[in-house]
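Visitor: Please take a close look at one part of this model for me. I would like the aromatic rings, pair by pair.

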Amino acid sequence: MLNLVKVEFLKLKRKKIVSMMFLATLLMPMLATIYFGNIDLSDNAMKYFKWTIFSYNLWLILPIILGIFSTMIVSVEYENDTFKTLWIVPIQKMKLLISKFIMMLIFTLVFMSLSILVTLFWGKLIHHIEIDYLLCIYLIRKCFEISGLLSVSMFPILSIAFLTKKYILPICLTIIYAFSGFLILTVNMYAHPLSSTTAIVVRDIPGIVLNQDINIVYSLLCIGGWVVVFTIVIKLLLKRREW
């Protein structure tokens with residue numbers, strides 16, 4: 001497994017677009033600066049963080065980027081015909097899928113870490129926000145929380161990309177998946193993995209109130225249920241294709 005992850009890193013070194021994806025971490029701090037204008041946020045840091053990290057970044061931007069990233073790391077195998085080589089050597093297909101999931105998890109961790117660093121730097125420089133160690137610990141905890149939950153929630157998209165030679169379908173499904181998760185959050189947060197992820201993440205953020213009580217167990221069951229279903233489906237389809 002470690003060797004598979006290492007190989008994935010080597011493949012990504014040739015993809016300049018991956019580093020360009022991290023530029024998206026600048027988007028929300030810049031928009032927040034425009035939105036708040038000259039408002040003094042030095043005594044209201046959480047209001048700024050809700051805008052830069054816990055809103056569109058969590059609901060839409062990162063899920064869409066993760067969908068594109070997962071599609072890219074799979075489609076490159078089809079484009080270069082490396083799957084044909086991999087299938088004739090003794091590599092378990094599910095292990096290959098898990099190695100790509102680990103890459104998605106690492107990407108999310110790096111993205112969230114950069115988002116927090118950029119947000120803190122921008123907040124200190126532009127909005128004169130006070131930064132103490134309690135705030136840093138809180139943000140680091142949220143970074144791990146979002147990275148783990150969001151990566152698992154995007155597993156269905158990774159599974160579809162793994163089974164599809166063309167990248168158009170998983171990209172289109174990513175957009176639908178991200179927007180539907182955002183919309184369903186206000187209706188039933190336990191029906192969609194992204195809705196459940198958002199509910200868990202925002203449960204202890206001051207000032208955010210959802211129209212339903214947040215039940216962490218139900219949310220985790222929702223995310224886990226989708227992962228189990230897609231794992232079974234992909235195993236059956238791989239077996240049917242004799243991969």
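Guide: This is a predicted model. Start at Trp 59. Its relative accessible area is 21%, so Trp 59 counts as partly exposed, because buried means under 20%. The ring of Trp 59 pairs with that of Phe 182. Their centres are 5.2 Å apart and their planes stand at 35°, so the pair is tilted. Stacked would need planes under 30 degrees apart. Phe 182 is partly exposed too, at 28% relative accessible area.

Now place the two rings along the chain. Trp 59 sits in helix α5, residues 56-79. Phe 182 sits in helix α10, residues 168-184. The pair links distant parts of the chain, 123 residues apart.

Next, a second pair. A search of the whole structure finds eleven aromatic pairs. One of them joins Trp 51 and Tyr 56. Here the centres are 6.4 Å apart, with 65° between the planes. That makes the pair edge-to-face. Trp 51 has 24% relative accessibility and counts as partly exposed. Tyr 56 is partly exposed as well, at 40%.

For contrast, turn to the nonpolar core. The largest one has 65 residues. Among those with the most contacts inside it are Phe 49, Ile 53, Phe 54 and Leu 139. Leaving aside neighbours within four places in sequence, Leu 139 is in contact with Phe 49, Ile 53, Phe 54, Ile 116 and Leu 120.

Note on methods. Residues are numbered from 1 along each chain as its sequence is written. This is a predicted model: local features need pLDDT of at least 70, side-chain atom pairs count only at pLDDT 80 or more; totals for chains, interfaces and linings use all residues. Side-chain values use heavy atoms; hydrogens and water are left out. A nonpolar core is a set of buried Ala, Val, Leu, Ile, Met, Phe, Trp, Tyr and Cys residues joined through side-chain atoms within 4.5 Å. Buried means under 20% relative accessible area, exposed over 50%, partly exposed in between (1.4 Å probe, protein chains only). Contact means heavy atoms within 4.5 Å. Rings of Phe, Tyr and Trp (its six-membered ring) pair if their centres lie within 6.5 Å; planes under 30 degrees apart count as stacked, over 60 as edge-to-face and the rest as tilted. Helices (H or I, at least four residues) and strands (E, at least two) are DSSP runs, numbered from the N terminus.
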